Amino acid sequence: MGKLRIIFGSFRVKVTIALILSLFFVAGLSNFLIYKFSLDSQLSQLRDGLKAVAQTASLMVDPHTLLRVPLSREGVNSGEYKLIAEKLGQIKKANPRILFIYTMTKTEVPGVWQFIVDPEPVSAEGGRKRPTSYPGDKYDASLFPEMLKAFDGPSADKELMVDDWGVTLSGYAPVRDNNGTAVAILGIDISAKDVHATQKEVKRRAVFVLALGVFISLFLGLLISKGISDPIKRLSEGTRRIAAGDLQYKVEVKGSDEISRLGGSFNEMAGSLYESRKQLHDYFYRIVQSLVRSIEAKD
């Protein structure tokens with residue numbers, strides 16, 4: 001216990017620990033800010049990509065064919081439904097990250113929309129399979145603010161959203177007729193797994209940068225503390241030597257900073273003390289000689 005107190009009580013150890021902790025803090029804060037920025041940047045790129053794909057896909061959908069799809073369960077058997085479903089299936093095939101792709105339109109009830117074409121063939125429910133969404137099936141869009149903006153232009157969710165189809169990030173774009181009027185929207189969903197995979201990659205890079213920052217902090221902390229504590233250690237050794245009477249001892253401190261100037265002042269002080277002691281010895285010697293001559297003269 002006493003050894004630890006001596007070790008951690010030394011100036012060099014204190015300086016080293018203070019520098020390393022300071023560098024750790026700076027490295028950690030910088031890494032957190034970089035990680036946060038990278039995460040936001042990756043999410044922003046995902047959103048931009050979703051909007052671009054949704055907008056491109058919406059241009060491939062014929063609005064007149066889409067509007068002729070019967071909004072009833074029997075609508076899945078119509079030729080218009082099959083044409084749009086085939087087109088959406090091709091878009092999905094060309095973009096493997098798309099989990100779901102669908103078209104919707106508004107109803108008379110604000111915030112409540114209805115599906116037109118959802119080409120996802122089947123979904124498991126209760127051990128049996130059924131179509132995921134029939135034409136005319138209602139959907140509460142009021143919970144998705146970015147979806148509500150889709151009739152005005154391309155948009156994308158700002159965060160992962162949850163509905164009956166799972167946890168997804170979605171992009172939307174309007175389907176416009178020849179007059180430029182939005183008659184429906186096209187939506188595409190990607191799985192939360194894809195978003196998490198992107199976030200995981202960002203986190204992996206952040207951990208690597210943090211580990212590198214820790215290593216650099218340790219290296220710089222030791223290097224800087226050595227540069228500070230070594231001259232002070234030499235000054236301490238010089239003080240001890242002078243206290244022991246070695247007034248000719250010189251401290252070697254290189255550089256032009258305050259500690260170097262202190263070392264120069266220390267050497268000047270030691271030189272002055274040496275000269276003073278030398279003069280004192282000469283003076284004392286002359287006095288003794290005078291006394292001796294006086295005694296001899298009396299004798």
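E146 counts as buried, at 8% relative accessibility, where buried means under 20% relative accessible area, exposed means over 50%, and partly exposed lies in between (1.4 Å probe, protein chains only). This residue forms a salt bridge with K149, the closest N and O atoms being 3.2 Å apart, a salt bridge being a side-chain nitrogen of Lys or Arg within 4 Å of a carboxyl oxygen of Asp or Glu. K149, at 41% relative accessibility, counts as partly exposed. The model is predicted, so that local features need pLDDT of at least 70 and side-chain atom pairs count only at pLDDT 80 or more, whereas totals for chains, interfaces and linings use all residues. Residues are numbered from 1 along each chain as its sequence is written, and side-chain values use heavy atoms, with hydrogens and water left out.

Side chains of opposite charge can pair when their charged atoms come close. A search of the whole structure finds three salt bridges, including that between E146 and K149. Another joins the side chains of D48 and K51, at 3.9 Å from N to O; both residues lie in helix α2 (residues 11-58), three residues apart, which is about one turn of the helix. Helices (H or I, at least four residues) and strands (E, at least two) are DSSP runs, numbered from the N terminus. D48 is partly exposed, with a relative accessible area of 42%, and K51 is also partly exposed, with a value of 22%. The side chains of R68 and E80 likewise meet in a salt bridge, at 3.9 Å from N to O. This pair links distant parts of the chain, since R68 is in the loop between α3 (63-67) and α4 (79-94) while E80 is in helix α4, 12 residues apart. E80 is partly exposed, with a relative accessible area of 23%.

The protein as a whole contains seven helices and nine strands, and buried residues make up 32% of its 299 residues. Among contacts with a separation of 6 or more, 58% are accounted for by residues 24 or more positions apart, contact meaning heavy atoms within 4.5 Å.

Strand β1 contains F100, which is buried, with a relative accessible area of 13%. Leaving aside neighbours within four places in sequence, F100 is in contact with E120, W165, G187, I188 and D189. F100 and D118 are 18 residues apart in sequence and 8.1 Å apart in space, C-alpha to C-alpha. K106 also lies in strand β1, but is partly exposed, with a relative accessible area of 45%. With neighbours within four places in sequence again left aside, the contacts of K106 are V112, W113, Q114 and F151. K106 and I185, separated by 79 residues in sequence, are 9.0 Å apart in space, C-alpha to C-alpha. In strand β9 (residues 182-191), S191 has its place; S191 is buried, with a relative accessible area of 17%, and, apart from neighbours within four places in sequence, is in contact with L99 and V167.

Rolling a probe the size of a water molecule over the atoms shows where empty space is left. The structure holds one cavity of 30 Å³ or more, a cavity being, on a 1 Å grid over the protein atoms alone, a set of points where a 1.4 Å probe fits but cannot get out. About 140 Å³ of space lies in the largest cavity, where grid points are joined across faces, edges and corners and a volume is the space filled by probe spheres set on the points. The largest cavity is lined by 17 residues, of which Y102, Y139, D163, W165 and D189 lie nearest its centre; lining residues have an atom within 4 Å of a point. Strands β1 (98-106), β7 (161-163) and β8 (166-176) each supply at least two residues of this lining.

F208, L212, F215 and I216 make a nonpolar surface patch of about 430 Å². Patches are made of residues with over 30% relative accessible area and no salt bridge, like charges being joined within 9 Å and nonpolar side chains (Val, Leu, Ile, Met, Phe, Trp, Tyr) within 5 Å. I216 is found in helix α6 (residues 192-243) and, at 39% relative accessibility, counts as partly exposed.

Note on methods:
Areas by Shrake-Rupley, 256 points an atom, 1.4 Å probe, with all protein chains shown as cover. 1 Å grid on protein atoms, 1.4 Å probe; cavity = no way out; pocket = protein on both sides within 12 Å on 5 of 7 lines; lining within 4 Å.
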